[in-house]
Amino acid sequence: MNQRIISIACFVLAIALFTNTIVFSNSSSGSQSIPEEPAYTVRAPIRINSNPDFDAPHGVTGGSGTPGDPWIIEGWEINATDDTRIEIVNTTAYYVIKNCRIYGEDFINSGIYLINATNGELRDSKLNNSRVIVSNSDFQNVSNNTFKGNWSCLNILQSDNNVIYNNTFTGNYSYLWAQQTTALKVFNNYFNSTSYSGADFTLSPSLTLWNNTFINCGVQLTSSSTIDSVEIYTNNTVNGYPIYFYKYSDGIDIDGWDVGQIILYCCSNFTMSNLLITNTSRGLHSMASIYGSIQNFTFKGGNTGIYLDGGHNITLEGAYVDDSGVSIGYVDDSVFSNVTAQDCGFSLRNSDNNLGNNITASGMYLSGSDWNNISNVNISNSIGDGLYFVQAENNTIINASINNSGRYGIMMWLKCKYNLIKDFNIENCTDSAIYMMEHPSGSPEYNIFENGQIINNSKSGEFEESSNTQIINCTFQKNKFGLTIEDSPNFLISNSKFNQTGIITIENSNGSSIISNSIFDTGYGLVINASKNLTIKGNQIKNIRACPSNTP
């Protein structure tokens with residue numbers, strides 16, 4: 001405890017010495033008051049391309065460019081709708097932009113663009129529907145500004161030793177984004193963004209967050225490789241509750257706490273239970289953490305309720321995530337059970353040897369994930385695909401119900417192999433119930449669909465370059481269009497029923513087998529084109545409305 005108090009005191013002192021003017025505040029509002037509205041003068045864009053351009057024709061109102069007497073750009077009102085309005089490039093002189101008002105109609109153009117322009121300061125200004133981009137520009141202070149409106153944000157790119165303090169960010173997608181930025185200090189800012197992303201940091205080591213307030217948004221950290229030197233203190237809050245950030249901690253136990261957001265890095269033997277988190281970017285974000293237990297977790301609103309990024313042997317039991325999602329990546333040998341992702345998705349990326357049971361979501365996404373066994377899946381009302389596979393092998397999905405997908409019920413493509421979908425039903429999909437899509441880098445093959453009910457979909461299924469696929473003991477009923485098998489050698493359809501479900505077309509699929517199926521009340525029954533060495537036996541075909549000459 002004493003060491004932590006000493007470290008906090010040292011941090012405060014270091015920041016105060018660095019800026020020489022900054023005073024911390026523990027107020028809950030985060031942002032400090034902005035001076036009274038100044039009188040603005042409308043003018044044309046300002047473009048400064050080197051130190052000699054700091055003069056009156058380029059919008060400079062005073063100063064000499066030294067640390068004690070920086071160039072001043074002040075009091076301007078500029079419309080940023082069509083182009084960048086203040087641009088400073090390739091300078092080393094000291095400068096201050098203050099008491100300016102810059103506005104636009106969208107986020108495409110930048111209100112202020114600083115590139116390779118060190119030793120600058122932006123303060124006491126208003127930016128409406130416009131962005132500030134700081135790129136390769138070190139030693140910048142950004143303070144007491146308001147960023148307001150749609151996509152009104154501050155981007156810090158590859159710039160070091162910058163301080164962001166006492167700013168207000170409000171509106172849709174009004175936020176701070178820093179990428180590949182070192183020694184960034186962010187404190188006493190106020191974020192209220194309907195995008196849920198208040199502050200997003202990517203590959204930004206030596207980051208410090210102190211006393212920031214987030215309303216309906218939060219903190220996102222991307223890439224665990226730079227988090228060793230990150231410090232996020234508990235006086236940062238989300239919706240009035242602390243952000244808890246732990247790294248290299250063992251045995252953390254958070255049970256029933258009031259939590260705004262939880263971020264873990266390289267933690268072990270942790271327990272998170274009986275928690276409710278609302279309206280933030282990521283409710284629980286765990287990176288490279290192992291042997292953890294998450295129980296009775298509820299998340300409402302926000303971007304992602306549970307975000308597991310790296311680790312193994314994690315148990316997720318009894319989670320309810322509403323209108324956000326569950327994202328699991330690079331997590332192995334774990335168990336996920338009784339998880340409900342209401343009106344949102346459940347994704348498994350590059351994760352192997354996991355067990356899942358009783359998963360409810362609007363969509364399930366498996367990418368680069370192998371040897372997973374998931375049972376009792378309920379997927380409904382996806383705006384896209386119900387169950388989506390890409391580069392996924394040797395997965396087993398048992399007892400899956402997929403309903404009302406906006407596109408495909410099940411989609412597989414790009415090197416999906418040896419997957420088993422068993423005891424499933426697909427109903428009321430806008431497009432194909434099953435779609436296996438060809439890909440030049442490797443099409444799906446050796447996949448099995450067994451004991452399925454495919455009913456009332458637009459199309460029964462489309463299989464493109466899907467060799468050695470098997471459809472066994474499935475029922476296709478009342479689908480508007482039938483089954484299309486194209487360029488898929490050694491395809492097997494056996495012991496299946498086709499009723500009022502359109503044509504079964506097999507084209508360029510040598511060595512395929514159609515065995516012991518019932519086909520009745522369809523348009524043409526079975527149509528075969530340019531396919532050799534077929535095995536067709538034991539099928540019952542009844543009540544076919546038409547029969548083309550090339551049908552056996």
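In this predicted model, strand 6 (residues 95-98) runs parallel to strand 9 (residues 120-123), and four bridges join the two. Within this pairing, Ile97 stands opposite Leu122 of strand 9. Strand 9 also pairs with strand 12 (residues 141-143), again in the parallel sense, over three bridges. Here Leu122 stands opposite Val142 in strand 12.

The description now turns to charged contacts. Eight salt bridges are found in a search of the whole structure. Arg123 and Asp124 form one of them, with their closest N and O atoms 3.0 Å apart. Arg123 is partly exposed, at a relative accessible area of 23%, whereas Asp124, at 12%, is buried because buried means under 20% relative accessible area. Together with Glu121, these two residues are linked in a network of salt bridges.

Lys417 is partly exposed, with 25% relative accessibility. A salt bridge also joins the side chains of Asp431 and Lys459, at 3.6 Å from N to O. Asp431 is in the loop between strand 37 and strand 38, while Lys459 belongs to strand 40 (residues 459-464).

The second largest pocket has a volume of about 280 Å³. Its lining comprises 16 residues, and Cys344, Gly345, Phe346, Ser362 and Gly363 lie nearest its centre. Strand 31 supplies the largest share of this lining, five residues.

Conventions: Residues are numbered from 1 along each chain as its sequence is written. This is a predicted model: local features need pLDDT of at least 70, side-chain atom pairs count only at pLDDT 80 or more; totals for chains, interfaces and linings use all residues. Side-chain values use heavy atoms; hydrogens and water are left out. Two strands pair if DSSP finds at least two bridges between them. On a 1 Å grid over the protein atoms alone, a cavity is a set of points where a 1.4 Å probe fits but cannot get out, and a pocket is an open set with protein on both sides within 12 Å along at least five of seven lines; lining residues have an atom within 4 Å of a point. Grid points are joined across faces, edges and corners, and a volume is the space filled by probe spheres set on the points. A salt bridge is a side-chain nitrogen of Lys or Arg within 4 Å of a carboxyl oxygen of Asp or Glu. Buried means under 20% relative accessible area, exposed over 50%, partly exposed in between (1.4 Å probe, protein chains only).
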